[in-house]
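This report concerns a single protein chain and sets out selected features of its geometry. The sequence and structure are shown first.

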Amino acid sequence: MAADFLSLLTGSFARPAAENPTVAMVEAAYRHHRLNARYVNCEVAPEHLADAVRGARAMGWRGFNCSLPHKVAVVALLDRLAPSAQVIGAVNCVVVEDDGTLTGHNTDGQGFLVALRAVTGVAGARVLVLGAGGAARACAVELALAGAAEVLVANRDAGRGAALTELLADRTPAQARYLPWAGELALPDGVDVLVNATSVGLHPDGDARLAVDLAGLRPTTLVADIIPNPPHTRLLRDADAAGCRTIDGLGMLVNQGVLGIRLWTGLDPDAEVMRAALEQALA
Ligand code: NDP
């Protein structure tokens, strides 16, 4: 077989980038599947994003992830958006097509959905999303597009909470309602899926407590936390104690990586290999 010293190139543009473990997970998959491919973790300042995107295209990259603070700004640099990225208004995964044009996807919310669907159905569900930032927006839109009957959004900042609720009501088939969140949030009745999409619980504040009264938590509620580090958050520990099924934030992170690799290479990577690499990187 002829030698091939030219790798398929992918990567990430973010700032800060040093603590982003995605490279460990994606390159573990590339190695496992013996793919001659690399994932380059790049620190890119906002004023250099357009140059970085042009550079990726010029160097024949197959695609890249955009993380904070570029997920909204990158949209203006792309040729087209996948349908859910259009609704969300943010992109975390870009594909450089064969003709050099750029397609933006949002695999954050889709990754969350894949992790959730492994344990429960979404159609007809009543969902409570805590938070209304970028990640909450991605998860809430995907849940609503996947057939959740009602999406309740609780957020401290009323403007952001109401904006997400309006987006869901206008652009998805789901019912949507904003729940004001000042002091201790009381859980509404009949919630099938509770999602923490705030940044509460993220390292180094792993033991931080959400201002939510969990006394009303029923074992029938599935509790999901999107905090990837540490994966076993205080919310998930409390939910375990209440007899609920839980899913952690590593599932979302792994599955958005799976979707990215699939979009860039056509390969269906082994999610278990990726999760193990991620757990090792975060240990
Ligand atoms: P944003 O800054 O856009 O949003 C932060 C959200 O958290 C806001 O809704 C904010 O509310 C809320 N919040 C912050 N502090 C508190 C608090 N003390 N009590 C209640 N609400 C609070 O961040 P992102 O949406 O981009 O990210 C949120 C989290 O999601 C991060 O921790 C990130 O690690 C995680 N994430 C995980 C991914 C995964 O693959 N597992 C992927 C992407 C993100 P307010 O508007 O009132 O300020």
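The sections below treat the basis of the values, helix packing, aromatic rings, backbone geometry and one arginine.

## Basis of the values

The model is predicted; local features need pLDDT of at least 70, side-chain atom pairs count only at pLDDT 80 or more, and totals for chains, interfaces and linings use all residues. Residues are numbered from 1 along each chain as its sequence is written, and side-chain values use heavy atoms, with hydrogens and water left out.

## Helix packing

Helix 1 (residues 22–32) packs against helix 9 (residues 271–282) at an angle of about 140 degrees, and their axes are 8 Å apart. Helices (H or I, at least four residues) and strands (E, at least two) are DSSP runs numbered from the N terminus; axes are lines fitted to C-alpha atoms, for helices over the stretch in contact, with angles from 0 to 180 degrees between N-to-C directions. Helix 1 is therefore oblique to helix 9, given that angles under 35 degrees count as roughly parallel, over 145 as roughly antiparallel, 65 to 115 as roughly perpendicular and the rest as oblique. The crossing of helix 1 and helix 9 is right-handed, meaning that the near helix is turned clockwise from the far one by less than a right angle. In contact (heavy atoms within 4.5 Å) are Ala 24, Met 25, Ala 28, Ala 29 and His 32 of helix 1 with Val 273, Met 274, Ala 277, Leu 278 and Ala 281 of helix 9. These residues comprise 9 nonpolar, 1 polar and no charged; Ala, Val, Leu, Ile, Met, Phe, Trp, Tyr, Cys and Pro count as nonpolar, Asp, Glu, Lys and Arg as charged, and the others, Gly among them, as polar.

Helix 5 (residues 134–145) and helix 6 (residues 158–171) pack at about 25 degrees, with axes 10 Å apart. Helix 5 is thus roughly parallel to helix 6. Their crossing is right-handed. Ala 136, Arg 137, Ala 140, Val 141, Ala 144 and Leu 145 in helix 5 meet Leu 164, Leu 167, Leu 168 and Arg 171 in helix 6. This contact has 8 nonpolar, no polar and 2 charged residues.

## Aromatic rings

Rings of Phe, Tyr and Trp (its six-membered ring) pair if their centres lie within 6.5 Å; planes under 30 degrees apart are stacked, over 60 edge-to-face and the rest tilted. The count comes to 3 aromatic pairs. One of them, Tyr 39 with Trp 264, is tilted, at 6.1 Å centre to centre and 40 degrees between the planes. This pair links distant parts of the chain, 225 residues apart: Tyr 39 lies in strand 2 (residues 37–43) and Trp 264 in helix 8 (residues 249–265).

Tyr 39 is buried at 3% relative accessible area, and Trp 264 is buried at 3%; buried means under 20%, exposed over 50% and partly exposed in between (1.4 Å probe, protein chains only). Phe 13, Trp 61 and Phe 64 form one aromatic cluster.

## Backbone geometry

Most residues other than glycine have a negative phi, and most peptide bonds are trans. The bond from Leu 68 to Pro 69 is cis, with omega near 0 degrees, and Pro 69 sits in the loop between strand 3 (63–66) and strand 4 (80–81). The bond from His 203 to Pro 204 is cis, with omega near 10 degrees; Pro 204 is in the loop between strand 11 (193–196) and strand 12 (212–213).

Arg 34, although not a glycine, has a positive phi of about 50 degrees. Arg 34 lies in the loop between helix 1 and strand 2 and is exposed at 77% relative accessibility.

## Arg 275

Arg 275 is found in helix 9 and is partly exposed, at 23% relative accessible area. Not counting residues up to four places away in sequence, Arg 275 touches Asp 248, Leu 250, Gly 251 and Val 254.
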